[in-house]
Amino acid sequence: MQVAIVTGATGGIGFGCATKLAESGMAILATGRDEDKLARLADAIGDPDRVGTVAVDLIEDDAPRQITEAALARWGRVDFLVNAAGIGSPKPLHETDDESLDHFLGLMLRAPFRLVREVLPHLQPGSGIVNITSTFAVVGGMRGGAYSAAKGGLTAMTTHIACQYGAHGIRCNAVAPGVIQTAMTEHRLADERFRRINVEMTPHQRLGTVDDVAATVAFLCSPGGAFINGQTIVVDGGWSSTKFLSDRALNSQWTP
């Protein structure tokens, strides 16, 4: 039985990745800060033999060791690591203070770097790492600030890992979601301007869902993804790669 560590497993995308990988038959070591939410995840997976949880703040110095040792103590192996923990609502660079900068970089770049470093010695040929980045790592993004910087760094770390350890049979890829409908984005999607930027500029009939992202992660961790390495797969319905405007946007009256 393969074992996957999933960070940020109490959030929308992390929760979806954990349950999707469990559906494929993997055992899941899930991390998050909220014990109640971790318990709900364990209930959702529904198989006590294939789920373990660690309530920990990823930015803590001892977090990587706690997480890795928990997986090894329970199942004796680690096959996949999904770095899904993240935060939103960034500010543009000129509005970002040092405390916010350190928080974004600490959680979404330093923490996954340190966790990968801890897990690496235990990965065998055929194993893999998936980093959840963002379209803001692809196009920069208005108001991206420290969020874009952290996710861009995670993209570079992804290609480094793929190059450095690919010859040892360890793959690393990134999944870059667009705006996915989760609790973290619902307040932004309630803003009409933000919603239009995403809906009217996406050449698809809907916004992205957690399952869109989780299914992509599961594919990368499956035999079907065994020859994919060092890639960023963007899951955004074409938002970042096209110059699409909906009929509504094209036919609206523009004001200076």
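Helix 1 is mostly covered in this predicted model: 9 of its 12 residues are buried. The helix runs through residues 12-23 and reaches 17 Å from its first C-alpha to its last, close to the 16 Å expected at 1.5 Å a residue. If you want to pick out the buried positions, look for Ile13, Gly14, Gly16, Cys17, Ala18, Thr19, Lys20, Leu21 and Ala22. Notice that a lysine is on that list, with Lys20 buried along with the others. Just after the helix comes Gly25, which takes a positive phi of about 105 degrees.

The largest nonpolar core has 35 residues, and Ile5 and Ile67 are the ones with the most contacts inside it. Several elements give two or more residues to this core: strand 1 (3-6), strand 2 (27-32), helix 3 (63-75), helix 4 (98-119) and helix 6 (145-165). Zoom in on Ile67 and, leaving aside its neighbours within four places in sequence, you'll find it in contact with Ile5, Leu29, Thr31, Val54, Val56, Leu58 and Leu115.

Finally, turn to the outside. Val138, Val139 and Val234 form a nonpolar patch on the surface, and together they have about 210 Å² of accessible area. Val138 is found in helix 5, residues 136-139. Its relative accessibility is 45%, so Val138 counts as partly exposed, a label that covers values between 20% and 50%.

Technical notes:
Residues are numbered from 1 along each chain as its sequence is written. This is a predicted model: local features need pLDDT of at least 70, side-chain atom pairs count only at pLDDT 80 or more; totals for chains, interfaces and linings use all residues. Side-chain values use heavy atoms; hydrogens and water are left out. Helices (H or I, at least four residues) and strands (E, at least two) are DSSP runs, numbered from the N terminus. The expected span of a helix is 1.5 Å times one less than its number of residues. Buried means under 20% relative accessible area, exposed over 50%, partly exposed in between (1.4 Å probe, protein chains only). Patches are made of residues with over 30% relative accessible area and no salt bridge: like charges are joined within 9 Å, nonpolar side chains (Val, Leu, Ile, Met, Phe, Trp, Tyr) within 5 Å. Accessible areas come from the Shrake-Rupley method with a 1.4 Å probe; for residues, only the protein chains shown count as cover. A salt bridge is a side-chain nitrogen of Lys or Arg within 4 Å of a carboxyl oxygen of Asp or Glu. A nonpolar core is a set of buried Ala, Val, Leu, Ile, Met, Phe, Trp, Tyr and Cys residues joined through side-chain atoms within 4.5 Å. Contact means heavy atoms within 4.5 Å.
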